[in-house]
Amino acid sequence: MSRNSADTGLRVFNSIEHYGLGISRAAFVGGRSPYPYLAAFGCHLFLSTDAEDVRRALDAGFAAATILSGGARRAASAELRIAFDGDAVVFSDESERVYQLGGLEAFQASERESAREPLRGGPFKAFLAALNVLQKEFPSGACPIRTALVTARSAPAHERVIRTLREWDIRLDESLFLGGLDKSAFLEAFAADVFFDDQAGHCERASAVVATGHVPHGISNERTPARPPGRAPDGSARRFGAAKLNLALPYRQLGGQMIRSMLCATDLGCYSPYVMQHALALARSFSAELYVVHAVEPMGQFAESLLESYLDEHTLSHMRGRALNTVMANIEQRVLENFQDELGEKEDLALIRAVRVRQGDPADVILEQAQRLSVDLLIVGSHSQGAGSEIPLGRTAVRVLQLSPVPVYMVPLAQYLGRRKS
């Protein structure tokens, strides 16, 4: 299913034929969302890079995920390996709610008490059940599908999961109870082809080793307020402090929207520390995950032509591939070092979940990463380092404000630009 028209979709069918794929049905909907056709096709799983289409599919009762790019391609194999997170993916988010609202001790106590009470099904229960039916069609040891549960749970919270799967008559080939350990190494060891998780931070880390689908379901992805704006848990007004900045902010929400993750855009210019101070203060105040993105503009046509004149195709391909990845990794390290030199607060820098450096137009990169990470807030400066103070807003800031699907927190830099000019 695709938003393409039938005319542009012809290339899709040509590619299907070229690669010998057994696909004979398609729906090209000319720019509209394809999710209404899921039921008509009898789909068990919907994957897309469009986060809104994915949310609609989940709301309609289908297993659905937003696909993140990345992950090393696994060696050719006749076996398809699929890994699932547990809570809010295979199971409902009922236990996750206890954990997030009451903490680890309350979660473990609740799981002990409810060990013999099966969990409710999550959005991927039906898909996992359908896979199980397929697996049973093959002789033992000859099934081309292998499944794994990869969950942050540990003993004693494992018992309820095992008893729930027994109650559902669903078998998983492997179950990994990691007790909060990072999942990436285990997904790599399992040699997963795809992994599904409800938490954006887990997905971001996993996407470095496996194709990952973010499932925007459950308490970790809710966008409704948990309490009146500007109030602490006891109902009183609450004020938060932050290094170098004092912000009066509502608890974990802004304008009635839950703030669980945010993305700060930096151009590494001389004013970027001012923007980062605001980002760190917000992350601390909201107890939110903070991602940082820096855009590297592509080489111009003249530079590309010059390289093509002096380098052979193999060298060019190497430079655009592995060499470019090395450059990007070095820039990511420079971003962190830059902030450490300027801000000097290691405990604040620990709030940064990940730094992403991507090649492309800055506004396009910022908006694409905001959607890919499913953040709740964008943080940008009003001007880039090359802008003059007489310009009300920089080009990138204007485009982000016009096109962002989430609220934008803009740091005014005119005062700093004015100081530089004087």
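Me: In which sense do strand β13 and β14 pair, and over how many bridges?

Reply: Strands of a sheet pair through backbone hydrogen bonds, either parallel or antiparallel. Here strand β13 (residues 289-296) and β14 pair in the parallel sense over 7 bridges; two strands pair if DSSP finds at least two bridges between them. Strands (E, at least two residues) and helices (H or I, at least four) are DSSP runs, numbered from the N terminus. The model is predicted: local features need pLDDT of at least 70, side-chain atom pairs count only at pLDDT 80 or more, and totals for chains, interfaces and linings use all residues. Residues are numbered from 1 along each chain as its sequence is written, and side-chain values use heavy atoms, with hydrogens and water left out.

Me: Which residue of β14 is the bridge partner of histidine 294?

Reply: Histidine 294 has valine 357 as its bridge partner in β14.

Me: What is the strand order of the open sheet?

Reply: The order of its 5 strands is β14-β13-β12-β15-β16, with parallel pairing. At the edges are β14 (352-359) and β16 (408-411), each pairing on one side only.

Me: Is aspartate 93 buried or exposed?

Reply: Buried means under 20% relative accessible area, exposed over 50%, and partly exposed in between (1.4 Å probe, protein chains only). Aspartate 93 counts as buried because its relative accessibility is 9%. This residue is found in the loop between β3 (80-84) and α4 (94-102).

Me: Where does the side chain of aspartate 93 reach?

Reply: The side chain of aspartate 93 reaches the backbone nitrogen of isoleucine 219 at 2.9 Å.

Terms used. A polar contact is a pair of N or O atoms within 3.5 Å; within protein, one must be able to donate a hydrogen and the other to accept it, and residues adjacent in sequence count only if both atoms are side-chain atoms.
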